[in-house]
Amino acid sequence: MLQPSIEQIKIPKIEFLLTFLSYLLAGTVSTLISVYLPEIITDLHNKEVSSFEIGELGALINSCFIFGWMAGGLIMGLVSDRIGRIGALAISTFIFGATILSIKLVNHIDYIIVFRFLSGFGVGGVLVVSTVYISEIFGEKDKPIYLGMLATGFPLGIVLTGIINLFIKDWREALLIGFIPMAISILTLAFAKESSVWKNSPHKINFQPIFWKDFFKSNSKNLWIGSSIFGCVLIGLWGIFSWMPTWIHSLAPDELSGQKAGSLSMMIFGLGGILGSFLSGYLVKKFGIQNTLVATLGGCLFISILIFLTTNHINY
């Protein structure tokens, strides 16, 4: 993608608000299906479904979402270089809103798999394009602050997922939230100003083989280390995102308490993400990147072992 610059719109409040809302709702759409997964699969099968079947179908649905996320991040990033940040952001936001809403209308699990791939495509596009857009429209002094604020949007969206699940029992009604990102995409096209960095840059990318060869040769060590760290985090994060509500649901004494406990777990998880986003910059500045990574990853491993090996039931 094109490299962001630093000279841009002065205090673009409307632009940041619309981008932040897209980012927040991306977090909600990413986790909403997971918290309703047992109810969705049972409803579409018109019978009680075993935990094995829920696990098997859930793994397929969540895997398709992540593949869609990857494709969306790659493709919409390139699209944003061609048509502009605002257009790509609006398209991505509309896609995940329309597809999560479309799941409300389906009556077969195969359609959910397709729509979850498309939802992931939209979410991936929003996360990539919004970060680049915010980097471009704020100057060097304000950029870290607003990027940090933007990062809190995703965990806030997870908290919103828990709230929705707590108060709305019917999964089809919950998916009506898809109207909101669709509306935001239209507002983004109508009111958000395009990045002057993009407008002043040549809208063409020349992928020369020598560039990629030199890039991988000079950055191979950092690339593999960074990819391994982020890959491990991503696998663990999405394992929790996807299965924590279902696992807690299976430990509850009844359906109602299981749904409430699952909702609460997602809200606590999201709040932890918000706290981590706020503290990460301070911790890195205080202890350095390497020490912070070791401490946080080690802490996550320890807590995960503690929770999953010692919890056999819940009383809610």
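Predicted model: local features only at pLDDT ≥ 70, side-chain atom pairs only at ≥ 80, totals over all residues.
**Group meeting: cysteines, cores and a surface patch**

Where is the closest cysteine sulfur to that of cysteine 232? It belongs to cysteine 300, 12 Å away. A disulfide needs two cysteine sulfur atoms within 2.5 Å, so 12 Å is too far for a bond. By that rule, the number of disulfides comes to zero. For cysteine 64, the relative accessible area is 18%, and the residue counts as buried, because buried means under 20%.

Next, the inside. In soluble globular proteins, nonpolar side chains tend to be buried together. Here the largest nonpolar core has 57 residues. Ile33, Tyr36, Ile103, Ile112 and Ile134 have the most contacts inside that core. Another core lies apart from it and has seven residues, including Ile240, Ile248, Leu251 and Ala252.

Back to Tyr36 for a moment. Leaving out residues up to four places away in sequence, tyrosine 36 touches Ile164, Asn165, Ile168, Lys169, Asp170, Trp171, Ala174 and Gln259.

Last, the surface. Which residues form a nonpolar patch there? They are Ile225, Ile229, Val233, Leu237, Val284, Ile289, Leu293 and Leu297, with about 580 Å² of accessible area together. Two or more residues of the patch come from each of helix 11 (209-251) and helix 13 (289-310). Helix 11 gives the most, four residues.

Leucine 297 sits in helix 13. Is leucine 297 exposed, buried or partly exposed? Its relative accessibility is 37%, so it counts as partly exposed; that class lies between under 20% and over 50%.

Note on methods:
Residues numbered from 1 in each chain as written. Heavy atoms only, no water. Core = buried A, V, L, I, M, F, W, Y, C linked by side-chain atoms within 4.5 Å. Buried < 20%, exposed > 50% of the residue type's maximum accessible area, 1.4 Å probe, protein only. Contact = heavy atoms within 4.5 Å. Patch = residues over 30% accessible without salt bridge, like charges linked within 9 Å, V, L, I, M, F, W, Y side chains within 5 Å. Areas by Shrake-Rupley, 256 points an atom, 1.4 Å probe, with all protein chains shown as cover. Salt bridge = Lys/Arg side-chain N within 4 Å of Asp/Glu carboxyl O.
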